[in-house]
Amino acid sequence: MVELELISLALAGAFVGAVLGLVPGLHVYNVAGALVLAAAAGRLPLSGEALALGMAGMVVGWAMTNAIPAVFLFAPDDASAGAILPATRYMLQGRGAEAVLLMGAGSLAALVALAALAPALDEILRPLRAIVQAHTGWMLMAIIAFLLLGEWPRVDAVPGESPGRRLARAWAWLGAGLLTFNLSGLLGLVLMTRSPIPAEMAFQNLLPAFVGLFALPGLVQVGLFGGALPAQRWPARLDLPPSLWARGALTGLAGGLFAGFLPVISGGIGGLLAGHATAQRDERLFLVSQGASKIVYYAGSLLLLFVPGLALTRGGMAWMLTTIVVPTGWRSYALAVAALALGGALAFWLLVVFTRATARLAPRLNPRILALAAAVVAVALVGAFTGWAGLFVAAVATPIGLIPVLIGGRRLNALGVLLLPITLNAIGLGPDVARLLGLS
C-alpha cells in the first residue's frame, strides 16, 4: 500500500475508534483483539502494516472520545478513573461539556508534543530503558505504596462527635481503599495464573474484570441513585489560559510517557504521579493533564513499538500487534507518528461534535434508564467476547468496584488487578504467592 492509502486507513480507524469510545464498557483493545484474531486466521484482507496503522488510528480515536461516557455516565476506563470526581462536579454544575473539552484539549496538545518529540524518542528512551529495567520491581512497589499512602480520610467534622467515632469514620474511607486494592489484586492473581476465560479468548482475559471494576459500578450508582441531569451549558469559550494549557499538557505528557514506558502503570496513575510532582491544584489543570496522560499512555505506548532500534512492547495494543507484525525502519515510524497526529486531529473534531450532541440530549433522558441500557450493553459485550466464564468474572469484579463508589477510597485502587500480580512477579514472589493460594 502506498503511504496515502495507509494514512487514509489510519483516519478511518480513528473515526471507528471515536465512535467506539461512546460505548460504555467497550475497550478498544477488545475490538482490536477480534481484528487480530481475524487477521491471523486470514479473514481480514489487510497487510500487517495496514492493520497496524488502522489500529493506531483506532486507539487514538477511542482514547479521545471515551471521556464522554466517563463524564456523563460515570463509566470510566482504567486510565480515566482518576478524573471522575472533578469531572462529575463540572457535570453537576451544568458544565459537563466543558469538562470533556478540557480533557480533549489536553489530549490534543499532548499529541502535538508527542509528535514533536518523536525524532528524539530513541535517544531519550534507550539509555532510560537500560537504567530502569533492573529496577522495575521496587519502582512498582514504590508506586503501590504511594497510591495507598496517598489516600486521605475525607470526612467532615460532626459537632460533639467523640474522637473514637471520628477515627472510625476516617478509617472507613482508608479501609475501603485498602480493601479495594487487595480484593482486586487477588482477582488479578486468579486471572493471571488460573483464568476461567478459555484460552482461545486470551486477548479478552481482562475485559470482564475491567468492566466490573470500572464501568458497571458507576452505571449501578446512577441506576440506583441517579436523578435528572441539570441542563448542560455549551461554553462560549474555554476558560483555559495558554500557560495553564501548556502546563497541564506537559504534565500529562510526562505522566503518560512514564505510564507507557513502565509496565502495568496506567495513564490515570501516571497523571496522578505527575500532578503531585507539579503541585496541581486547579481543576482545569487537573482535567487537562488527565486527558493528556490518558492519550499519551495509549498512543505513546503503541508508538514505542515503532521506534527504530527500540521496538519496546508496552500496552495491550502493542502486544496484540506483535503476534502478526513487528514494525521496522524509519518509514513505518514516520507513518505511525502521522497516523497518531492526524487521527488525533480528526478525533478531536469528532469529540467536539459528539460532546455538543450529548450535552443537548443527556438532560432530556432518564439517567436511570440510560444507565440500565448502558449496563446491558456492557454485560452483553462481556458475554459476546468471553462467554459465561467472563460474565462470572464480571459478577465477581463488580462488587469490588462498588466499594470506592459506595463507601470510599480512590477508584484507581481497583488497578490492584494489574499492579499486585505483576509486581509480585517482578520481585520474584509471584509463583510462591500463587502456590500459597492454591492457584498453581
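Student: How many of the 24 residues of α13 are buried?
Tutor: This is a predicted model, in which local features need pLDDT of at least 70 and side-chain atom pairs count only at pLDDT 80 or more, whereas totals for chains, interfaces and linings use all residues. Residues are numbered from 1 along each chain as its sequence is written, and side-chain values use heavy atoms, with hydrogens and water left out. As for α13, 23 of its 24 residues are buried, and the helix is mostly covered. Buried stands for under 20% relative accessible area, exposed for over 50%, and partly exposed for what lies in between, using a 1.4 Å probe and protein chains only. Helices are DSSP runs of H or I with at least four residues, strands are runs of E with at least two, and both are numbered from the N terminus.

Student: What span should α13 have, and where does it bend?
Tutor: Its 24 residues, 283-306, should span 34 Å at 1.5 Å a residue, and the end C-alpha atoms are 34 Å apart, which agrees. The expected span is 1.5 Å times one less than the number of residues. α13 bends by about 30° at tyrosine 297, where the bend is the angle between axes fitted to the seven residues ending there and the seven starting there.

Student: And which backbone oxygens lie by the side chain of serine 301?
Tutor: Serine 301, found in helix α13, counts as buried at 2% relative accessibility. A polar atom of its side chain lies 2.6 Å from the backbone oxygen of tyrosine 297 and 3.1 Å from the backbone oxygen of tyrosine 298.

Student: What about threonine 398, buried or exposed?
Tutor: Threonine 398, in helix α16 (residues 367-406), is buried, with a relative accessible area of 12%. Its side chain reaches the backbone oxygen of alanine 394 at 2.7 Å.

Student: Switching to α10, where does that one bend?
Tutor: The bend in α10 is about 40° at leucine 216, and proline 217 follows within four residues.

Student: Where is isoleucine 197?
Tutor: Isoleucine 197 sits in the loop between α9 (163-193) and α10, and is buried with a relative accessible area of 7%.

Student: New topic: how many cavities of 30 Å³ or more turn up?
Tutor: A search of the whole structure finds two. On a 1 Å grid over the protein atoms alone, a cavity is a set of points where a 1.4 Å probe fits but cannot get out, and lining residues have an atom within 4 Å of a point. The largest cavity holds about 40 Å³ of space, a volume being the space filled by probe spheres set on the points, which are joined across faces, edges and corners.

Student: Which residues line the largest cavity?
Tutor: The lining consists of Leu111, Leu114, Ala115, Leu303, Val337, Leu340 and Ala341. The elements giving two or more residues to that lining are α6 (96-117) and α15 (329-361).

Terms used
1 Å grid on protein atoms, 1.4 Å probe; cavity = no way out; pocket = protein on both sides within 12 Å on 5 of 7 lines; lining within 4 Å. Polar contact = N/O pair within 3.5 Å; in protein donor to acceptor, adjacent residues only side chain to side chain.
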